[in-house]
Amino acid sequence: MSNVGIVIVSHSPLVAEGTADMVRQMVGDEVPLAWCGGNGHGGLGTNVEAIMGAIEKAWSEAGVAILVDLGGAETNSEMAVEMIGEPRSQKIIVCNAPIVEGAVMAATEASGGASLREVVATAHELSPS
Amino acid sequence: METGNAGDMAALNLARLIAAAADTIAAHAEELTTLDQAIGDGDHGLNMKRGFEAVRAEAAAFSARPLPEALKAIGTKLVMTVGGASGPLFGTLFLALGKQISAAPDRANLTAAFGKAIEAVAARGKSQVGQKTMLDVLQPVHDALLQGKTAPEIADIADAAAKATVPMKALRGRASFLGDRSIGHMDAGARSTTLLVRTIVETLEGQP
């Protein structure tokens with residue numbers, strides 16, 4: 001699939017999965033989509049290994065946009081992108097946007113074949129700057 | 001391990017350092033958790049212990065590699081096993097140190113590499129000195145290295161720096177949600193950092 005992929009990273013697996021459900025229902029299957037949540041030990045949190053796995057699952061040559069919730073999700077996502085390494089890391093962007101609205105809007109944009117830059121810009125429009 | 005003629009780093013024995021660091025974190029895990037319960041999410045001690053035990057489990061393999069590679073491998077292991085926000089932060093410290101340090105570092109190289117590693121941690125956490133984080137210990141330790149302080153002096157400077165986070169207001173991480181209520185508690189990351197600094201400099205000095 002050549003559309004930009006979307007990864008959803010929440011501290012809560014329920015929030016991440018629920019957000020992914022909303023994307024699937026509202027946008028359909030035209031976008032590579034993956035989610036992860038939880039600290040890997042049954043608690044709330046995020047972990048780098050799971051995020052790297054989600055990026056692999058949603059990988060697209062057009063790039064991947066990551067939507068996160070709280071600060072630790074952003075830190076861990078940026079770490080995951082760095083560990084995936086170049087050249088692919090240059091095609092992965094952690095968005096500054098609310099997770100649910102951002103994921104739905106970014107996926108909607110991606111489903112129309114938009115570039116990674118356009119997908120991320122659409123998500124960022126949701127954040128007061 | 002080949003460390004060459006490296007001044008005060010000549011005695012560097014990575015396996016011994018790893019064991020000492022893991023022992024220290026294990027011995028203080030409960031204290032770190034208590035600190036984190038006050039203003040964080042209360043998992044710092046457990047997370048750090050899990051990470052350093054994972055590093056200890058592979059200490060022999062890490063120690064067999066050239067120092068830069070060993071430090072990068074330790075950083076990666078910490079990223080993958082500590083979790084929380086501390087995993088990427090402590091992991092980045094070691095990863096960046098490994099990228100900058102030479103295979104047989106003298107004090108100047110160690111100091112320069114440590115400075116770059118602190119910059120990497122600050123970038124990873126989008127933070128700076130004065131925000132009640134591990135940076136508030138790392139930076140004074142770097143200054144002390146630059147100033148030629150002795151190992152015991154560096155350890156004391158690190159302890160004082162961690163204590164100095166008590167009256168600070170947290171501006172990063174979970175503690176920042178508490179605003180003024182974060183004042184009056186030591187930052188758990190600053191505490192674990194000073195524990196590691198003391199352990200490392202004392203082990204390098206050959207002290208107990």
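This is a predicted model: local features need pLDDT of at least 70, side-chain atom pairs count only at pLDDT 80 or more; totals for chains, interfaces and linings use all residues.
What span should the 15 residues of helix α5 (residues 86-100) of chain B cover, at 1.5 Å a residue? The surroundings of α5(B) were examined next. Of its 15 residues, 14 are buried. The helix α5(B) is therefore largely enclosed by the rest of the structure.

Chain A comprises five helices and four strands. Read from the N terminus, its elements follow the order β-α-β-α-β-α-β-α-α. The radius of gyration of chain A is 13 Å. The globule rule gives 14 Å for 129 residues, a close value, so chain A is as compact as a globular protein of that length. Along the principal axes, the C-alpha atoms of chain A fill a box of roughly 35 × 30 × 30 Å. Buried residues make up 52% of the 129 in chain A. Contacts were also sorted by sequence separation. Among those in chain A between residues at least 6 apart in sequence, 72% join residues at least 24 apart.

Chain A meets chain B through 13 of its residues, which are in contact with 11 residues of chain B. On the chain A side, two elements give two or more residues: α2 (48-57) and α3 (71-84). Helix α3(A) gives the most, with seven residues. By residue class, the side of chain A that touches chain B holds three nonpolar, eight polar and two charged residues.

The helices α2(A) and α3(A) also pack against each other. Their axes are 9 Å apart and form an angle of about 65°. The crossing of α2(A) and α3(A) is right-handed. From α2(A), the contact involves A:V48, A:I51, A:M52 and A:I55. Their partners in α3(A) are A:N76, A:S77, A:M79, A:A80, A:M83 and A:I84. The contact of α2(A) with α3(A) consists of eight nonpolar residues and two polar ones, with no charged residue. By contrast, the side of chain A that touches chain B includes eight polar residues and two charged ones.

Backbone geometry was then considered in both chains. In chain A, the peptide bond from A:E86 to A:P87 is cis. Its omega is near 5°. Residue A:P87 sits in the loop that links α3 to β4 (92-94) of chain A.

In chain B, the loop between α6 (107-125) and α7 (135-146) contains B:K126. The residue B:K132 is found in the loop between α6 and α7 as well. Phi of B:K126 is near 45°, a positive value in a residue other than glycine. For B:K132, phi is also positive, near 65°, and this residue too is not glycine. Are these lysines, B:K126 and B:K132, buried or exposed? B:K126 has 12 C-beta neighbours inside 10 Å. Because a residue with 12 or fewer such neighbours is classed as exposed, B:K126 counts as exposed. Around B:K132, 28 other C-beta atoms lie within 10 Å. The cut-off for burial is 20 or more, so B:K132 is buried.

Note on methods: Residues are numbered from 1 along each chain as its sequence is written. Chains are lettered from A and ligands numbered from 1 in the order in which they are written. The radius of gyration is taken over C-alpha atoms; the globule rule is 2.2 Å times the number of residues to the power 0.38. Two residues are in contact if their C-beta atoms, placed from the backbone, lie within 7 Å. Ala, Val, Leu, Ile, Met, Phe, Trp, Tyr, Cys and Pro count as nonpolar, Asp, Glu, Lys and Arg as charged, and the others, Gly among them, as polar. Axes are lines fitted to C-alpha atoms, for helices over the stretch in contact, and angles run from 0 to 180 degrees between N-to-C directions. A crossing is left-handed if the near helix is turned anticlockwise from the far one by less than a right angle, and right-handed if clockwise.
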